[in-house]
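Please read the following with the sequence and the coordinates open side by side. The text goes from strand pairing to the loops and then to the backbone geometry.

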Amino acid sequence: AVVLSDDGNHVVVQAEFAETAPHDLGFVILELGDIWTEHYWRDRWYSVKAISSASGVFKGWYCDAARPAEVDGDVLVSVDLELDLWVSPDRAVIARLDEDEFHAFGVPAQYPFAAAAAMHAIDELERLAAAGEAPFDLRKP
C-alpha cells in the first residue's frame, strides 16, 4: 500500500485488491485491480475501505471493527475483530456482516472489552453511513 496521508491519528493508504481471484460477496464483486482507499485511526475501533473498480467506478465501503491502528515505521497494524459492515455507494444498503464469525472466533467470550468496542464501532458506522457523515460523505475517497 502507498501512504496517502497521516495526520498523526488518521492514516490513509491505497492499494490494489491483492487476492488471486475475484470474490463475489453477493452484494459486490471484489475484482483484481480494484483500488482500495483504506482509512485507519489510532483512536477508533474501526477501519473504512472505500472500494473502486480499476476503471474508477465506486463500488462502496467495506468496514471492519478493529482495534485502533498502530503504526511502527513503515508497518501499519490493524487487528480485525471479525465484525464487518458493507455500505453501498448510495448508502441505500447498510448491512452488518460476519456476526457468526465474530461469535465463532470467540471474540465476545475471550475479549469482552474488545467485543463491546467492536459492537459500538459497528453501531457508530451504521449511524454515520445512514446520516451520510464522514467518512461516508463522499461518493469517492
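The paragraphs below describe selected strands, loops and residues.

This is a predicted model, in which local features need pLDDT of at least 70 and side-chain atom pairs count only at pLDDT 80 or more, while totals for chains, interfaces and linings use all residues. Residues are numbered from 1 along each chain as its sequence is written, and side-chain values use heavy atoms, with hydrogens and water left out.

Helices and strands are DSSP runs numbered from the N terminus, helices being H or I with at least four residues and strands E with at least two. Two strands count as paired if DSSP finds at least two bridges between them. S5 pairs with strand S2 (residues 10–16) in the antiparallel sense, over 7 bridges. Within this pairing, glutamate 38 in S5 is the bridge partner of valine 13. S5 is also joined to strand S6 (residues 46–52), again antiparallel, by 6 bridges. There, isoleucine 35 stands opposite serine 52 in S6, and a hairpin of 4 residues links S5 to S6.

Threonine 37 counts as buried because its relative accessible area is 3%.

Valine 77 belongs to strand S9 (residues 75–77). With a relative accessibility of 41%, valine 77 is partly exposed. Val75, Val77 and Val79 make a nonpolar surface patch of about 220 Å². Patches are made of residues with over 30% relative accessible area and no salt bridge, with like charges joined within 9 Å and nonpolar side chains (Val, Leu, Ile, Met, Phe, Trp, Tyr) within 5 Å. A salt bridge is a side-chain nitrogen of Lys or Arg within 4 Å of a carboxyl oxygen of Asp or Glu. Accessible areas come from the Shrake-Rupley method with a 1.4 Å probe, and for residues only the protein chains shown count as cover.

The loop between strand S10 (80–87) and strand S11 (94–97) holds arginine 91. Arginine 91 is not a glycine, yet has a positive phi of about 65°; at 31% relative accessibility it is partly exposed. Valine 93 sits in the loop between S10 and S11 and is partly exposed at 41%. Leaving out residues up to four places away in sequence, valine 93 touches Trp86, Val87 and Ser88, contact meaning heavy atoms within 4.5 Å.

Aspartate 98 lies in the loop between S11 and helix H1 (99–104). Aspartate 98, also not a glycine, has a positive phi of about 65°, and is partly exposed at 22% relative accessibility.

From alanine 134 to proline 135 the bond is cis, with omega near 5°. Proline 135 is found in the segment after helix H3 (112–131).

Terms used: Buried means under 20% relative accessible area, exposed over 50%, partly exposed in between (1.4 Å probe, protein chains only).
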